[in-house]
Amino acid sequence: MPSEVRSPRLAVLIDADNASAKIVDGLFEEIAKIGEASVRRIYGDFSSPRSKPWADTLARYAIVPQQQFAYTTGKNASDITLVIDAMDLLHSGRFDGFCLVSSDSDFTRLAARIREQGIDVFGFGEQKTPESFRQACRRFVYTENLRSGAATSKDADAASTPKSLLPNSAATPIIKKVITQMESEDGWVALGEVGKQLSNLVSDFDPRTYGCRKLSDLVRKTGAFEIEEQPKGGSMRIRVKAATGSQPRSKTPRASQREAAVKP
């Protein structure tokens, strides 16, 4: 019998000082879409009151705490321990990807080093996360989206859709840029391929950032693209809408002055 294809093995490393325990449900739901969270570790000083919310959720998701006492102020022993563990796990050769949960730009070099080894890095942090860390990851997910996603059921109506962080129109130029980079004689491209290119071009692109569950919903709401539904479960195709009508020429300052002169 053919052997069962195993999901990618992932090492999940959480910076308790720079991640909220409120995201834990959405976090592991998102990670489950990527692969299997084989290692689940969290780093922080769990004797501190600020880490108590995390301490209350560890058993539920079998997260192993890595206690680091704050012996000296201004020195983050948790970050150093996380980096050391990440490098040990990397060189074990047992993992297909790493999930770094933090909004701290100090992990930029760690993410870059792991990717240099040919291993994917998935970042999870707040929207305030510096661009250097976001771009160092194969994909970056805003934790604001995880909170709203966890609170919204699949059967929720439009009224309960989480408030978007950005307007739909902000996604239009990004999607257009991807389409122009794809080879197509008639302008039509498969939506699935657009999604892949978006992930490669913009590591933190996520339809949920614009208040949509799926890319297809976002494309429809922008109103900037033609949509072609394929029969029998085929993939949707889209293309940029052609400009309708020509814009009237703007008047030159001299022409405007002449018109003003003849007005009573």
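The following legends describe close-up views of a predicted model.

**Conventions.** In this predicted model, local features need pLDDT of at least 70 and side-chain atom pairs count only at pLDDT 80 or more, whereas totals for chains, interfaces and linings use all residues. Residues are numbered from 1 along each chain as its sequence is written, and side-chain values use heavy atoms, with hydrogens and water left out.

**Figure 1. Overview of the chain, with ten helices and nine strands.** Helices (H or I, at least four residues) and strands (E, at least two) are DSSP runs, numbered from the N terminus. Of the 264 residues, 39% count as buried, where buried means under 20% relative accessible area, exposed over 50% and partly exposed in between (1.4 Å probe, protein chains only). The accessible surface of the chain comes to about 15,600 Å², and carbon and sulfur atoms contribute 50% of that surface. Accessible areas come from the Shrake-Rupley method with a 1.4 Å probe; for residues, only the protein chains shown count as cover. Among contacts with a separation of 6 or more, 61% are between residues 24 or more positions apart; contact means heavy atoms within 4.5 Å.

**Figure 2. The open six-stranded sheet with parallel pairing.** The strand order is β3-β2-β1-β4-β5-β6, with two strands taken to pair if DSSP finds at least two bridges between them. At the edges lie β3 (64-67) and β6 (139-142), each of which pairs on one side only. From one strand to the next, the twist averages 20°. Strand β2 (residues 36-44) runs parallel to β3 and is joined to it by four bridges. Within this pair, Arg-41 has Val-64 of β3 as its bridge partner.

Figure 3. Axes are lines fitted to C-alpha atoms, for helices over the stretch in contact, and angles run from 0 to 180 degrees between N-to-C directions. Helix α3 contributes Leu-82, Val-83, Ala-86, Met-87, Leu-90 and His-91 to the contact, and α4 contributes Leu-110, Arg-113 and Ile-114. By class, the contact has seven nonpolar, one polar and one charged residues. Ala, Val, Leu, Ile, Met, Phe, Trp, Tyr, Cys and Pro count as nonpolar, Asp, Glu, Lys and Arg as charged, and the others, Gly among them, as polar.

Figure 4. Leaving aside residues up to four places away in sequence, Thr-108 touches Ser-132, Phe-133 and Ala-136.

**Figure 5. The open three-stranded sheet with antiparallel pairing.** The strands are arranged in the order β7-β9-β8. Strands β7 and β8 form the edges, each pairing on one side only. Two bridges join β7 (residues 189-190) to β9 (residues 237-240), and these strands run antiparallel. The bridge partner of Ala-190 in β9 is Arg-237. Strand β8 (residues 225-228) also pairs with β9 in the antiparallel sense, over four bridges. Opposite Phe-225 stands Val-240 of β9, while Glu-226 faces Arg-239 in β9.

**Figure 6. Packing of helix α8 against α9 and α7.** Helix α8 (residues 191-201) and helix α9 (residues 215-222) pack at an angle of about 100°, with their axes 10 Å apart. The two helices are therefore roughly perpendicular. Leu-191, Val-194, Gly-195 and Leu-198 of α8 meet Leu-215, Ser-216 and Val-219 of α9. This contact has five nonpolar, two polar and no charged residues. Helix α7 (residues 172-181) packs with α8 at an angle of about 105°, and their axes are 10 Å apart. That angle makes α7 roughly perpendicular to α8. Ile-174, Ile-175, Lys-177, Val-178 and Ile-179 of α7 meet Val-194, Gln-197, Leu-198 and Leu-201 of α8. The residues of the contact of α7 with α8 divide into seven nonpolar, one polar and one charged.

Notes. Angles under 35 degrees count as roughly parallel, over 145 as roughly antiparallel, 65 to 115 as roughly perpendicular and the rest as oblique.
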